[in-house]
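Subject: Structure for your files

Dear colleague,

Here is the structure I said I would pass on. My notes on what was found in it follow below.

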Amino acid sequence: MMTAEQLKGSILQLALSGRLIPQDKTDESAQILLNRIREKKKVLIKAKVVPKEKKMDDVSEDEQLFDIPDNWVWTRIGELFQHNTGKALNGSNKEGTVLPYITTSNLYWNRFELDNLKEMPFADAEMEKCTATKGDLLVCEGGDYGRAAIWNYDFDIRIQNHVHKLRAYEELCTEYFYYLFNFLKSTGQIKGKGIAIQGLSSGALHNLVVPLPPLNEQYRIVEKLYEIIPVWEKYAAASTKLNTLNASFPEMMKKSILQEAVQGKLVPQDPNDEPASVLLEKIAEEKKRLIKEGKIKKDKKEKYIYRRENSWWEVRDSIEVCLDQELPFDIPGTWSWVHLSNICETIFDIDHKMPKAVDKDHGVLFLSAKDLIDDGTINYEHNVKYISHDDAERLSKKGKPRRGDILYSRIGACLGKARIIDRDVELIASYSCCTIRLIDQRLTNYLQMIMDGGFVLSQARDKTQSIGVPDLGMQMIKDFFIPIPPLEEQKRIYEKYESIYKQVDSLWK
């Protein structure tokens, strides 16, 4: 069976050899594009914007990786891109403005990790050379040499000397060249040099042989790849999970069923059901009463969603914002969207400091995310931790979890698990969890179902706030969008969901 990498390589080779999409005879040929680039380059050299260089050798037949269409040309990266590396880290050079920079540890295929940027001084004379701006293609000189990503941020960034910055002399489709680097790296065409640590030198990059299509075709190739990428990603995911299918199938089916459930497609709507808006009005009134009586505190950052003219809106910083583009899908007319905090009496956590353990007979149960176990329950007894009563009181200033509350894992490998506390027991939940207490306990089963199924976690994709370890901030959790059906429909959804999931689980076992 073809591996995912082999499939990806085959698709990229088709694309980069002009066989993925049909040719358009009306396209301006790549030779005309290359001539225009060369003329532009001469102008820049004459103006001393770019340095003069030796004439590059023409691409020989032996260097050509495959056949290309007649209106394409083989050329070299140095013909197409002005390129250079950034500043070498030098502890003795302390002149200039101290600014953050990226190196190979921040540059990955098609993405950047910017949470751990380092800083060093850049003199005015170094600034232009060492600054990457939106649209530049950045390529690793060392480390995983050849690894590339496009800087698509609206702000500039400085680069260290182990990163190449490529900026086209004339308009090119930079995404095409990103995929080209991906292909050349995966097929071993980019070969590092060096005795101890291999790297892609400026000279090697300059002379790298590449196929150049007409400009319009570059864009069409990338557009087609965007269509195909999800296919090979699915293929890769399926290949990776093949050996663990027996274990993963119930969970996959659970998410699929949940997706139907949260969109109102799992059970039919009943026109006799009281609309969710009525339920939410009652919850809002109850919340106002609890605040007025001083039983809970008013959340000054809480936002409320309302419906007007067939759209969903909320007020942010005194400005009315339409949410239609932010909400993940449409819901039935009897349903309503809310933020999680709108239906909660409180959502709280504790501080980071880890208390010392004590023996069971002299302590309070201290649960963490690892105690939210995969069978859908909470581990209250096996290898659990206990802390002193003094520590428990110190950590419970925001509240203590109690029966009926939902513990939600907000950090680490257990991220996104939700479990209902189903017994009367004194306990404290560590920072790895937050406690969710609903105003109307009748919503508990439905809310636990959709939170544990990963629906809300999908809203936080790429927004976790810690370096290395995923961490959902409390405000992010409070702002989760929750689709609320009528109360009777919630019950039907939950019962149907549990019934189907149990059948799937029993059949697969």
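Lysine 48 is exposed, because its relative accessibility is 74%; exposed means over 50% relative accessible area, buried under 20% and partly exposed in between, with a 1.4 Å probe and protein chains only. Its place is the loop between helix H2 (30–46) and strand E1 (73–76). Although lysine 48 is not a glycine, its phi is positive, at about 60°.

Before the rest, the conventions. The model is predicted: local features need pLDDT of at least 70 and side-chain atom pairs count only at pLDDT 80 or more, while totals for chains, interfaces and linings use all residues. Residues are numbered from 1 along each chain as its sequence is written, and side-chain values use heavy atoms, with hydrogens and water left out.

Serine 318 also has a positive phi without being a glycine, near 70°. This serine sits in the loop between strand E14 (311–316) and strand E15 (319–322), and it counts as exposed because its relative accessible area is 74%. As background, most residues other than glycine have a negative phi.

Overall, the protein has 13 helices and 24 strands. Helices (H or I, at least four residues) and strands (E, at least two) are DSSP runs, numbered from the N terminus. The C-alpha atoms fill a box of roughly 80 × 60 × 50 Å along the principal axes. Of the 509 residues, 48% are buried. Among contacts (heavy atoms within 4.5 Å) between residues at least 6 apart in sequence, 75% join residues at least 24 apart.

Helix H1 covers residues 4–16, 13 residues in all, and spans 18 Å from first C-alpha to last, close to the 18 Å expected at 1.5 Å a residue; the expected span is 1.5 Å times one less than the number of residues. Its buried residues include Leu7, Ile11 and Leu12. After H1 comes glycine 18, with a positive phi near 80°.

The largest nonpolar core holds 53 residues, and Phe177 and Phe181 have the most contacts inside it. Such a core is a set of buried Ala, Val, Leu, Ile, Met, Phe, Trp, Tyr and Cys residues joined through side-chain atoms within 4.5 Å. Helix H5 (residues 174–186) gives this core its largest share, eight residues. Another core, of 50 residues, lies apart from it, with Leu279, Leu323, Met474 and Phe481 among its members.

Leucine 208 lies in the loop between helix H6 (202–206) and strand E12 (209–212), and it counts as buried because its relative accessibility is 10%. Leaving aside neighbours within four places in sequence, its contacts include Ile77, Phe181 and Leu184. The C-alpha atoms of leucine 208 and leucine 184 are 9.7 Å apart, with the two residues 24 apart along the chain.

Finally, how many cavities of 30 Å³ or more are there? The count is one, and the largest cavity holds about 40 Å³ of space. A cavity is a set of points on a 1 Å grid over the protein atoms alone where a 1.4 Å probe fits but cannot get out, and lining residues have an atom within 4 Å of a point. Points are joined across faces, edges and corners, and a volume is the space filled by probe spheres set on them. Among the lining residues are Phe348, Asp349 and Cys433. Strands E22 (427–429) and E23 (433–438) each supply at least two residues of this lining.

Regards

Notes. On a 1 Å grid over the protein atoms alone, a cavity is a set of points where a 1.4 Å probe fits but cannot get out, and a pocket is an open set with protein on both sides within 12 Å along at least five of seven lines; lining residues have an atom within 4 Å of a point.
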